[in-house]
Amino acid sequence: MYYCSGKRVSMNAILALCHFCEQHGPRVLFCTQPFHERNNIIPATISNDTESIAANDSINSELSEVISKSRLKSPTPKFTSTESVDTAGHNDGPSMAKDRCEGCRSLQSSVPGYVSNDLEAKVKYVSSQQPHHDQLYSTVRQACIRSLSSEVCLGREGPIFFGDSDTRYVLSYTFYLQDTKSRGGRRLYSIIVVMMDKIYLLNSWPFLVKHLQNIVKDLQAKAKCVYEEEDKTQPIRPPNVRSCPVPTQRRLQRSRSSAVRSMVDMTGDETLFKSLHLSFTWVLKACSNRLTEKLLEGPPTEDSIVDLEKQEEVVDDFVLVGTEKIADQDNQETSSVADSAIAIGAAMNSFSLTDDTYCSSSNDQIPVFHNLRELYQTMGYHSFHQLAHHVLVGNQIIVQTDSYMITKSIIDCLQVLLPKGCCRIIYYSETYEESWKCNFLGLSKFCSLPKHVLDSEHYALVNVDSPVPTNNVLELSLNPFQGYKVQLFTGQPPMDKASAPKILEKMEKAVANQKLNWLVVEQCLICIKEEWMNKVKVLFTFTKAGGNRSEEDTKKLLQVFGASGEDKKALKFWMTGLSSQYKNHMRQTSKQI
Amino acid sequence: MSYNQEDEEPFGYSQMPVGSFSKQLGYGYEDDNDQDPFPGAPMSSDNKPRILLMGLKRSGKSSIQKVVFTKMSPNETLFLDSTPKIVKEDISNNSFIQFQIWDFPGQIDFFDHTFDSDTIFGGCGALIFVIDAQDDYTDALIRLRQTTTRAYKVNPHIKFEVFIHKVDGLSDDDKMDKQRDIHQRANDDLQEAGLDITFSFYLTSIYDHSIFEAFSKVVQKLIPQLPTLEHLLNILIQNSCIEKAFLFDVVSKIYIATDCMPVDMQSYELCCDMIDVVIDISCIYGALEDEATAFDNKSSSTIKLNNGTVLYLREVNKCLALVCILREENFDKQGLIDYNFHCFRTAIQEVFELKENTKQKPSKYLNDTGLSNGYMQGPAT
C-alpha cells in the first residue's frame, strides 16, 4: 500500500443501533452520524460537551435540527430564524411509520437528539432516532434489515460484514438482550457501522469490534440485572409448565408476553441513550483518528516510504519505546533526557516530551530559524557552503547553543538537505554521542568535544553565541539574529568549491534565490533529492548486483548518470538512507540474477 | 448454462458458512436473476420444491415448523423467540419427500422492492398461510389477500394452503363457524381480485395430530407420483383384506400416501403412535451401541389391540414405513400379507428407479419448458 502526502479525507460513517421489534420487525433505534463542517458558520456558542438539545437550550435544538436537515442537502446551510423551524416535524423522518411502539422508539418526542461538537476537528456528532436524509435513511434501513434479518445466524452474537457498492458496506454486531417480557426471554439487537469505503471499514474491523463489544457487554450486563430481578418475582418459565399437557397455561403466557418494552426500561438506565450517544461519538471519532486516509498524488517518494517504515517500527516496538520513556523519566538527573529520544523522525511522543521540558525553561524572546534560507543568510555563503557540504557527505554536525530551541531549529533546518533515511538526530544531549549514533547532535554548551573527535576531520561544529542583552527592540524585530554570533568550526581546512558535490550547487542556488517563496524551495529540494535518490539506487544496484567492481567501472557508471567523483562520497552516504523495502527488494532480485 | 452452475451450488441454509450472503434469500439486487428468462423456474438443484410458511406475527409458524420437523414438544414452543429471518429447513430424508420449509418472519413484508420476490417465490411449491384462530383474523385476511395476489403474479403454479391454526382452544361449533367465515371471506377476496386460485383450508393445532395431517396433505400435493402410490396401496389393501394403509415418512410422521378409503383421524393418530412405540422400543433395546439407526430394513412390528384390530408395520425403505390397520381375523394369513407387501415394496422401488432415471435427463430441459417443479408430471403407470 502506498501512502503519499496529500489531502486528508475525512471518514464518513454512520453508527446505528437496530432492533428486531416483535411488532414491527427490524427498526433503526438510534443513529449517530458525523457532520463535517465545511465553512465556519456555526456560532461558537455551543460548548464542547454533550447536551440534551431540547432540554437545555432551545437555540441549540433548532440549530441541530437545521444542521441535520440542511447540511446534507447543501454544503452551505442557510440558517433560518428560530421561529421558522418546525419542531414538531422532526419526528416524521422519511417514510417513517406512524406506528412506533415503545420497543422501537429510542428518544422521546421532546428530545429530538443529541449533539456533540468537536471544535478542533470541526465535526458535529449528531444522534437521532434515524437519519433525516432520505437516501441515508433508506441505506441505513436496508442495512438494518439485513443485519437483523438476513445476515444473522440465529443464536449467534458477534460481528459480521456485508454489503456492496450500491448498498454501502456494513459491519454489523448482533446481540441479544435478556428480557422477561419478551418472546423467548430475549430480544435481538444489532449495532451497525455503515461506510462507503470497504477497505477502510475492514481495516477498522479490529478496533470497531473491540469497542462495539464493550458497548454491547455493558448493555447486556444492565439488562441482565433487570432480568434477574424480574425473574425472581415473575419467572418466565414456570417449572411445572413442561409437565402440563393442557394448553391452559398458554393463555396466561400469551397475554403476558405481548408487552412491548423500551430499551431504557429493559436496562433500567434512564440515561441509556445519552451514554450511547457518547460511546458512539467516541467510536466514530477514535476510528477516524486511528486511520487517516490520504489521497495518492503520484508514486511515493523514498522519504515517504522511509517514514512509513519508521512508523511501523514504532508501532511494532511500542513496548520498547514505552520502556525507554519510563526509564528516562527515572534517571532524569543522571542521564540526559534526550538520550533515549534517539530521534527517529516518527517517534513524536519522545519529541514532545523533550520539547515541553525545554520550552518551559526557555525565553520567548529567543529567536529561532524557521527555514534553511534564514540560516543561510545569518551564516553567510561561505560558512553555509561548508556546513552543507559536511551535511551532505554525512559528517557529524554538532550544534552548541544556549537555547534548546535554537539548536532544534538549526537541526530541523539542516535535515531538509538530506533524505529522511539518512537523518539520525539527537536534539539535545549533555554528553557527546558518537557519530555512528547520530549525524545531528545538539550538545550542551558546557560539554567539550572529546579528543578523538577534535582530531578527526569528519565533523562540523556550529556554535551560536547569544548576544549581550540589549534593549533595542526595533533592531530585534528587523533581524532576529542581530547580535548573535554563529560560528562554524571544522576539523579540516575549508573544502574548496570544486570538491563539493554537484547536488549542493543546485540546492544552494534554490536557497539563495530570494525571489522564490520558501515553499517553492522546499518542493524544489524534495525534487532534487528524489532525483539524486534515483542515482543512489542505481549505484546501490551496481554495487550489490555485480560482485567486484573496479574503480574504473564505478567512474564510468557515475559518468553515465551525470555525477562525478566528488559526488561519490555523498552518494555512498545516501545509500544508507534507502528504505529497507527497496534494499530487500534489490537484494532478492539481484540474487536471482 | 447458468443453470448448471447454480445446480452445483450447495443448497440449503445449513451448509452456508456463517456470515455469507445467501443468494437464495434474494436480498439486494442480483444481476443474474434479472436476466433470468424464466423467473418461475426454480433455482434449486433437483427441483426441490419449497413450502413457505407465512402469516402474521405470532400466528404459530415457527411452532408448526419446530413441532412437525424437529420434534419439539408443543409446550416448549411457548418459549420460542420471534423469528427474525427466513429460516430454512431441508427435508430430504427420502426420495419422495424432498422439500424445503421456509419459515418467514411475520414482521417483514417480503414483497417490498428491496427483496427479490422472484427468487423467493419462484421455486416455491406451496405457500402455507397460517391464521391464528384465537385472535382477530381481519388483519390476517388482508395479509392473505396481499400475499396471494403478489405470489400468484410471480409464480402461478404455487399451491395455496390456509391453516386455521391454534384451534385447540375452540369448541367444535366455534371451529366450524370460524372455518366457514374465513373460507367465505377469503374466497370473496379472491373473486374480487379476479384470481383463479383455490385455497385449501385446514383446522390445525400443534397439540394434536391435526397439524401432521394437514402437513401430510400439503406435502402429498407436491409428490408427482402420488396417484401411482395410491393405486399401489389400493391394490394392496384389496388383495390383503386390509382396512387402511398409510405410507409414512418415519421421521416427520407425515403420510405421503394412503389408499382411497377416507382417512379417519383416530386411525391416523393410532398409526403415528405406533411408529413412536416402534422407534422408541428399538432405540432402547434394538440399536447397537455405535449404530444410530433405530429403523432399518428388518424393522417390522405387529400390535394387537383388544378391540379386534391389528396394527402392522413394515419397513419400505430407510425413511418410509407402511402401517396397516386390519381386522384380527384377516391377519390369519400373514404369509399372504407378507407376500403382497413384498410385491408392493418392489413396485415402490421401481417407481423410485423411474424417478432417478428421469432425474438424470438434463434438468434444464424441464426448467426451460416451465414444467419445473417435478410434481407437474408423474410417471405413467
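Predicted model: local features only at pLDDT ≥ 70, side-chain atom pairs only at ≥ 80, totals over all residues.

Reader: Why is the contact between A:Arg261 and A:Asp265 called a salt bridge?

Author: The closest N and O atoms of A:Arg261 and A:Asp265 are 3.4 Å apart. The term requires a side-chain nitrogen of Lys or Arg within 4 Å of a carboxyl oxygen of Asp or Glu, so the pair qualifies. The structure holds 31 salt bridges over all chains.

Reader: Which residues are linked with A:Arg261 and A:Asp265 in a network of salt bridges?

Author: The network also includes A:Glu22, A:Asp179, A:Arg187 and A:Glu230.

Reader: Where do A:Lys408 and A:Asp412 lie, and what joins their side chains?

Author: Both lie in helix H15 of chain A, four residues apart, which is about one turn of the helix. A:Lys408 has 18% relative accessibility; the cut-off for buried is under 20%, so A:Lys408 counts as buried. A:Asp412, at 25%, counts as partly exposed.

Reader: Why is A:Thr281 called buried?

Author: A:Thr281 has a relative accessible area of 8%, which is under 20%, and therefore A:Thr281 is buried. A:Thr281 lies in helix H8 of chain A. Leaving aside residues up to four places away in sequence, A:Thr281 touches A:Thr32, A:Ser116 and A:Tyr125. The C-alpha atoms of A:Thr281 and A:Asp118 are separated by 9.8 Å, although these residues are 163 residues apart along the chain.

Reader: How does the reach of helix H5 of chain B compare with the span expected for it?

Author: Helix H5 of chain B has 17 residues and reaches 25 Å from its first C-alpha to its last. This is close to the 24 Å expected at 1.5 Å a residue.

Reader: How do you know on which side or sides of H5(B) the buried residues lie?

Author: The buried residues of H5(B) are B:Ala140, B:Leu141, B:Leu144, B:Thr147, B:Thr148, B:Ala151 and B:Val154. They cover an arc of only 150° around the axis, so they are on the same side of H5(B). These buried residues pack against strands E1, E4 and E5 and helices H4 and H6 of chain B. The face turned away from the buried side carries the exposed residues B:Asp139 and B:Lys153.

Reader: What makes E8 and E9 of chain B edge strands?

Author: The sheet is open, has five strands in the order E8-E7-E11-E10-E9 (chain B), and has antiparallel pairing. Strand E8 and strand E9 of chain B each pair on one side only. The twist averages 20° from one strand to the next.

Reader: How do you know that E10 and E11 of chain B pair?

Author: Seven bridges join strand E10 to strand E11 of chain B, and pairing needs at least two, so the two strands pair. They run antiparallel. In E11(B), B:Ala321 is the bridge partner of B:Glu315.

Reader: Which helices of chain B lie against the strands of this sheet?

Author: Helix H8 of chain B packs on the sheet and touches strands E7, E8 and E11 of chain B. Its direction makes about 70° with that of E8(B). Helix H9 of chain B lies across E7, E8, E9, E10 and E11 of chain B, running at about 50° to E7(B).

Reader: What is the phi of A:Lys122, and where is this residue found?

Author: A:Lys122 has a positive phi of about 55° although it is not a glycine. A:Lys122 is found in the loop between strand E5 and strand E6 of chain A. With a relative accessible area of 37%, A:Lys122 is partly exposed.

Definitions and conventions:
Residues numbered from 1 in each chain as written. Chains lettered and ligands numbered in written order. Heavy atoms only, no water. Axes fitted to C-alpha atoms, helices over the stretch in contact; angles between N-to-C directions. Contact = heavy atoms within 4.5 Å. Expected span 1.5 Å × (residues − 1). Buried < 20%, exposed > 50% of the residue type's maximum accessible area, 1.4 Å probe, protein only. Arc of directions from axis to C-beta.
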